[in-house]
Amino acid sequence: MDLQQLDLRPRVAAGVRRGERAAADVLRLSGLELQRLTGLSLSDVQQLLTAAATACRPHPPVSAILLHRGECLRLESGLRLSVGCPVLDQLLRGGLPVGGVTELSGESGAGKTQLALQLCLSVQYPAQQGGLDSGAVYICTEDSFPIRRLQQLIREQSCLRSDVPPSLISTLPFGDRVYVEHAADLDSLQVCLSRRVPLLLTRGLVRLLVIDSVAALFRCEFQAADWLERTKQMLSVSSTLHRLSQEFTTPVLCVNQVTHTCYLVSPALGLAWANQVMVRLMMRRLQATVARGDQRSALRRLEVVFAPHLARDGRDAGVWREGVRGVTD
Ligand SMILES: Nc1ncnc2c1ncn2[C@@H]1O[C@H](COP(=O)(O)OP(=O)(O)OP(=O)(O)O)[C@@H](O)[C@H]1O
């Protein structure tokens, strides 16, 4: 934000021109430093600081009455994006939280991509059906986007979502509202997150951001000795994701891989990344199989590893033609 754009008294504006600082820089300086740089009095510096702080604040303050009337979506902590399956929604108390980063980790073939695709369709339903009435942006980092599987999931929506009137399902342009991006390295990811994704969010075209997978980028770009740079880049990506999620009340889903150490399977990227996610889910592929009609599936288990609002728990599930569904008996 340019300080010249602020609504300032002429004397203060003249002082600002002498100081040649941006609004964010001004807030990092003490009152005395600002007085020295601008030649302004203490009360003028106070006015300058108030104007700069107001300009830098991303959201206006919210009063209790606005919250009570439900007029501030951004602060409604209860808002969730349904997974599209009542059993899994029950585990997640309604689905993914809209403000924060959710990580879904698991071994190859566990079904992470299947669940992520399902969320890209679920987000398109109206709020009454657990959606957010908008599209999704899906950033692939390693594999190409599974377009044929997405088409199959779209065809099978009426089977998965028997709770939704078929007339509504047939009117939703599912395929048109999944925006696919490819980011093969960290620079492309940052460009995508800082330019293209905010455009889609600002225009209201998407209300879900998926990165599949986040580990791939950090695994291939850094050697063990580059841990400091790797951590810096990881924090930079995660802070961008948090900002987008908070600013646009949008759930962010990061698919992550796992590392095997002795007999332990743990999510990749270590503690530095673990501290950046709000909800960590883990999907496991078990030995047993389950049947449903004419279909068979390897049994999966979706577990909550940590979340501020959820207990550690899990549900069994299967991956079917129509998508991922919890198994109840
Ligand atoms: N059309 C389908 N019908 C039924 N099950 C399917 C279908 N397509 C994929 N699956 C199941 O999903 C599994 C693949 O899941 P998915 O691609 O989500 O794995 P992943 O956890 O993302 O693995 P990776 O980390 O390797 O990408 C397959 O092994 C299969 O069991």
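**Helix packing, sheet architecture and ligand shell**

The axes of helix H11 (residues 186-202) and helix H13 (residues 227-248) come within 11 Å and cross at roughly 5 degrees. Because angles under 35 degrees count as roughly parallel, over 145 as roughly antiparallel, 65 to 115 as roughly perpendicular and the rest as oblique, H11 is roughly parallel to H13. The contact brings Leu186, Leu189, Leu193, Ser194, Val197, Pro198 and Leu201 of H11 against Gln233, Val237, Thr240, Leu244 and Phe248 of H13, where contact requires C-beta atoms, placed from the backbone, within 7 Å. By class, the residues of this contact divide into nine nonpolar, three polar and no charged; Ala, Val, Leu, Ile, Met, Phe, Trp, Tyr, Cys and Pro count as nonpolar, Asp, Glu, Lys and Arg as charged, and the others, Gly among them, as polar. Axes are lines fitted to C-alpha atoms, for helices over the stretch in contact, with angles from 0 to 180 degrees between N-to-C directions. Helices (H or I, at least four residues) and strands (E, at least two) are DSSP runs numbered from the N terminus.

The structure is a predicted model, in which local features need pLDDT of at least 70 and side-chain atom pairs count only at pLDDT 80 or more, while totals for chains, interfaces and linings use all residues. Residues are numbered from 1 along each chain as its sequence is written.

The protein is divided into domain 1 (3-56) and domain 2 (76-326), with bounds taken from an automatic or database domain assignment. The C-alpha centres of domain 1 and domain 2 lie 44 Å apart. Helix H3 (residues 31-38) packs against helix H4 (residues 42-56) at an angle of about 105 degrees, the axes being 10 Å apart. With that angle, H3 is roughly perpendicular to H4. Gly31, Leu34 and Gln35 of H3 meet Leu42, Val45 and Leu48 of H4, a contact of four nonpolar, two polar and no charged residues.

An open sheet of nine strands has the order E5-E4-E6-E7-E3-E10-E11-E12-E13, with mixed pairing; two strands pair if DSSP finds at least two bridges between them. Strand E5 (178-182) and strand E13 (323-326) are the edge strands, each pairing on one side only. Neighbouring strands of the sheet are turned by 25 degrees against each other on average, direction ignored. Strand E4 (residues 135-140) runs parallel to E5 and is joined to E5 by five bridges, with Tyr179 in E5 as the bridge partner of Val137.

Two helices cross several of these strands. Helix H7 lies across strand E3 (100-106), E4, E5, strand E6 (206-212), strand E7 (251-256), strand E10 (279-292), E12 and E13, and runs at about 165 degrees to E6. H13 lies across E3, E6 and E7, running at about 125 degrees to E3.

The ligand is surrounded by 15 residues, of which Ser108, Ala110, Lys112, Thr113 and Gln114 are the closest; a residue is near a molecule or strand if its C-beta atom, placed from the backbone, lies within 6 Å of it. Helix H7 (112-122), helix H8 (147-155) and strand E12 (314-320) are the elements that give two or more residues to this shell, and H7 provides the largest share, three residues. The shell divides into four nonpolar, eight polar and three charged residues.

Strand E8 (residues 258-261) and strand E9 (residues 264-267) run antiparallel and are joined by four bridges, Thr259 standing opposite Ser266 in E9. Two residues lie between the strands of this hairpin, in which Cys262 takes a positive phi near 50 degrees. Most residues other than glycine have a negative phi, and most peptide bonds are trans. Thr249, in the loop between H13 and E7, also has a positive phi, near 45 degrees. A cis peptide bond, with omega of about 0 degrees, joins Asp212 and Ser213; Ser213 lies in the loop between E6 and helix H12 (214-221).
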